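Student: I have a structure open and would like to go through it piece by piece. Can you take my questions as they come?
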Amino acid sequence: MRIDPLPYEHLLDARPLSQVDLVVVHCTELPDLATAREYGERVLYPASGTGNSGHWYVDRDGHVERWVDPARTAHHVRGFNPRSVGIELVNRGRWPDWLDSRRQTMDEPYPDAQVEALIGLLRTLRDELPALRWIAGHEDLDTEQVAASDDATLQVQRKRDPGPMFPWQRVLAATPLQRLV
Ligand SMILES: [Zn+2]
């Protein structure tokens, strides 16, 4: 695993690892890891100098990078950040028309190498994070609907990741974590 901290990592809130009982699975909804890095480095909260990102990123070929220390709270899921860590899987999702009502299908599969790397990472996290017990998808925790970008009279899910292609049964069978929702 490559450790490559985001420039603002040290500005994120510090926390005890015993506070982390939840891991949230995301997909980037971007074309590749380099683009995800650009988005992750963007400062979206000028008061703190920080932005949105997961803690770990898993590329399609199974390459894993850590961008935020789990002893820091990253901004990756509304309402659950202080108790959770986030893992982002590189996958196009609905990119580039995330909220277009005609483009809501998420049909890119998660390759074996990527799923196996995720399972391996989850197993190491069980050792690193003593209170870790729960796993959830971003779509399970943020169910807000928003106006579609192509037609404001229609509603779409703000978050759909990791989406219908994510192999929940395989991942749950391979780890002792329980699905939160
Ligand atoms: Zn997400």
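This is a predicted model: local features need pLDDT of at least 70, side-chain atom pairs count only at pLDDT 80 or more; totals for chains, interfaces and linings use all residues.

Student: Are H26 and D161 buried or exposed?

Tutor: H26 is buried, and D161 is buried too.

Student: What are the protein donors of the zinc ion?

Tutor: They are H26 through ND1, H138 through ND1 and D161 through OD, at 2.0 to 2.1 Å from the zinc ion. Along the chain their spacing reads H-x111-H-x22-D.

Student: Where is P96, and what is the peptide bond from W95 like?

Tutor: P96 is in the loop between β5 and α2. The bond from W95 to P96 is cis, and omega is near 0 degrees.

Student: Change of topic. What order do the strands of the sheet come in?

Tutor: The sheet is open and has seven strands, ordered β1-β4-β3-β5-β2-β6-β9, with mixed pairing. β1 (2-3) and β9 (178-179) are at the edges; each has a single partner strand, so one side of each lacks a neighbour in the sheet.

Student: How many bridges join β6 to β9?

Tutor: Two, and the strands run parallel. I135 is opposite R179 in β9.

Student: What lies across the sheet strands β2, β3, β4, β5 and β6?

Tutor: Helix α2 does, and it runs at about 165 degrees to β5.

Student: How many residues does α2 have, and how far does it reach?

Tutor: α2 covers residues 112-128, which is 17 residues, and spans 24 Å from the first C-alpha to the last. That is close to the 24 Å expected at 1.5 Å a residue.

Student: Which residues of α2 are buried?

Tutor: Q114, V115, A117, L118, I119, L121, L122 and L125.

Student: And what covers them?

Tutor: The cover includes strands β2, β3 (56-58), β4 (64-66), β5 (84-89) and β6 (134-137), along with helix α4.

Student: On to aromatics. How many aromatic pairs are there?

Tutor: The structure holds three. One of them is Y110 with F166: the ring centres are 5.7 Å apart and the planes are at 85 degrees, so the pair is edge-to-face. Y110 is in the loop between β5 and α2 and F166 in the loop between β8 and α4, so this pair ties together parts 56 residues apart in sequence.

Student: What about F166 and W168?

Tutor: F166 and W168 also form an edge-to-face pair, with 4.9 Å centre to centre and 75 degrees between the planes. Y110, F166 and W168 make up one aromatic cluster.

Student: Why do Y110, F166 and W168 count as buried?

Tutor: The cut-off for buried is under 20% relative accessible area. Y110 is at 8%, F166 at 5% and W168 at 10%.

Student: Back to the backbone. What is the phi of E29?

Tutor: It is positive, about 55 degrees, although E29 is not a glycine. E29 is in the loop between β2 and α1 (33-41), and at 5% relative accessibility E29 counts as buried.

Student: Where is S53, and which residues does S53 touch?

Tutor: S53 is in the loop between α1 and β3. Leaving out residues up to four places away in sequence, S53 touches L6, Y8, G40, V68, A74, H75 and H76. S53 counts as buried, at 3% relative accessibility.

Student: Last one: is T143 buried or exposed?

Tutor: T143 is exposed, because its relative accessible area is 52% and the cut-off for exposed is over 50%. T143 lies in the loop between α3 (138-141) and β7 (145-147). From T143 to R158 is 7.1 Å, C-alpha to C-alpha, with the two 15 residues apart in sequence.

Note on methods. Residues are numbered from 1 along each chain as its sequence is written. Side-chain values use heavy atoms; hydrogens and water are left out. Donors are N, O and S atoms within 2.8 Å of the metal (3.2 Å for Na, K and Ca); water is not among the atoms, so sites may look incomplete. Buried means under 20% relative accessible area, exposed over 50%, partly exposed in between (1.4 Å probe, protein chains only). Helices (H or I, at least four residues) and strands (E, at least two) are DSSP runs, numbered from the N terminus. The expected span of a helix is 1.5 Å times one less than its number of residues. Contact means heavy atoms within 4.5 Å. Two strands pair if DSSP finds at least two bridges between them. Axes are lines fitted to C-alpha atoms, for helices over the stretch in contact, and angles run from 0 to 180 degrees between N-to-C directions. Rings of Phe, Tyr and Trp (its six-membered ring) pair if their centres lie within 6.5 Å; planes under 30 degrees apart count as stacked, over 60 as edge-to-face and the rest as tilted.
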